Amino acid sequence: MQIDIERLTEDGQSFAHTYGPADLSLADERARLLSAAQVAGHLRRKQQRVHAQGAVVTEIEVYCDRCLAPVVMPVKAEFDVSYDPPGTNEASEHIELQPEDLATAVYVGEQLDLDELVREQILLALPMRSLCGADCKGLCPTCAVNRNEQNCACAQQESDPRWAGLAALKNSRE
């Protein structure tokens, strides 16, 4: 979605756009869009700085980290980002980054492309660890059967022989 920067005013303008699953590539093998990603918000410009506020709503499919089953997750990511033209905030080795600098990006040219912002917000909304359920048993490390769906005949406790002395001590106390 392209926004013409010269048309923006201090009062700003509202925007809304819907990305189909084929229109927006997440470029992440862990996740894919299941439903349309709807983005809506407000843009305003003060001098050369453009400020964008809004939210992205969609559904994504990720894989459980224990059993690799697909998991559908709703995503609602809110954003509040500023954009400056290149060279506005020249970095110097004597300047420290401030917290507000972390929410500032750079735009090049006369149009602002919000596709990357939407993709970034969806990826940032992904959890560090995805589970199909809190009680997920995962895959058997020996035969790779999904333990949520069936039990396997593999030895459930393979112990390291270096711990045999402690195991014997524990068994003698019982």
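Ser 130 is buried, with a relative accessible area of 7% (buried means under 20% relative accessible area, exposed over 50%, partly exposed in between, using a 1.4 Å probe and protein chains only). This is a predicted model, where local features need pLDDT of at least 70, side-chain atom pairs count only at pLDDT 80 or more, and totals for chains, interfaces and linings use all residues. Residues are numbered from 1 along each chain as its sequence is written, and side-chain values use heavy atoms, with hydrogens and water left out.

**The overall picture**

- The protein has two helices and eight strands; helices (H or I, at least four residues) and strands (E, at least two) are DSSP runs, numbered from the N terminus.
- Walk along the sequence and you get β-β-β-β-β-β-β-β-α-α.
- The protein has 174 residues, and 32% of them count as buried.
- Take the contacts (heavy atoms within 4.5 Å) between residues at least 6 apart in sequence: 58% of them join residues at least 24 apart.

**Strand pairing**

- Strands S5 (residues 49–63) and S6 (residues 70–84) run antiparallel and are joined by 14 bridges; two strands pair if DSSP finds at least two bridges between them.
- S5 and S6 make a hairpin with six residues between them, and Leu 68 in the turn has a positive phi of about 65°.
- S6 also pairs with strand S7 (residues 104–106), this time in the parallel sense, over three bridges.
- Tyr 83 has Ala 105 in S7 as its bridge partner.

**Two residues in the H1–H2 loop**

- Ser 130 sits in the loop between H1 and H2.
- Not counting residues up to four places away in sequence, Ser 130 touches Val 62, Tyr 63, Cys 64, Asp 65 and Met 73.
- Asn 146 is in the loop between helix H1 (115–124) and helix H2 (164–173).
- Asn 146 is buried too, with a relative accessible area of 12%.
- Beyond residues up to four places away in sequence, Asn 146 touches Cys 67, Gly 138 and Leu 139.
- The Asn 146 side chain reaches the backbone nitrogen of Asn 148 at 3.0 Å. That is a polar contact: a pair of N or O atoms within 3.5 Å, where within protein one must be able to donate a hydrogen and the other to accept it, and residues adjacent in sequence count only if both atoms are side-chain atoms.

**Arg 45 in strand S4**

- Arg 45 belongs to strand S4 (residues 37–46).
- At 18% relative accessibility, Arg 45 counts as buried.
- Which residues is Arg 45 in contact with, leaving aside its neighbours within four places in sequence? They are Ile 5, Glu 6, Leu 8, Thr 9, Glu 10 and Val 50.
- Arg 45 and Leu 8 are 37 residues apart in sequence, yet their C-alpha atoms are 5.7 Å apart in space.
- The side chain of Arg 45 reaches the backbone oxygen of Gln 47 at 3.3 Å.

**A nonpolar patch**

- Trp 163, Leu 166 and Leu 169 make a nonpolar surface patch of about 340 Å².
- Patches are made of residues with over 30% relative accessible area and no salt bridge, with like charges joined within 9 Å and nonpolar side chains (Val, Leu, Ile, Met, Phe, Trp, Tyr) within 5 Å; a salt bridge is a side-chain nitrogen of Lys or Arg within 4 Å of a carboxyl oxygen of Asp or Glu.
- Leu 169 lies in helix H2 and, at 44% relative accessibility, counts as partly exposed.

Notes
Accessible areas come from the Shrake-Rupley method with a 1.4 Å probe; for residues, only the protein chains shown count as cover.
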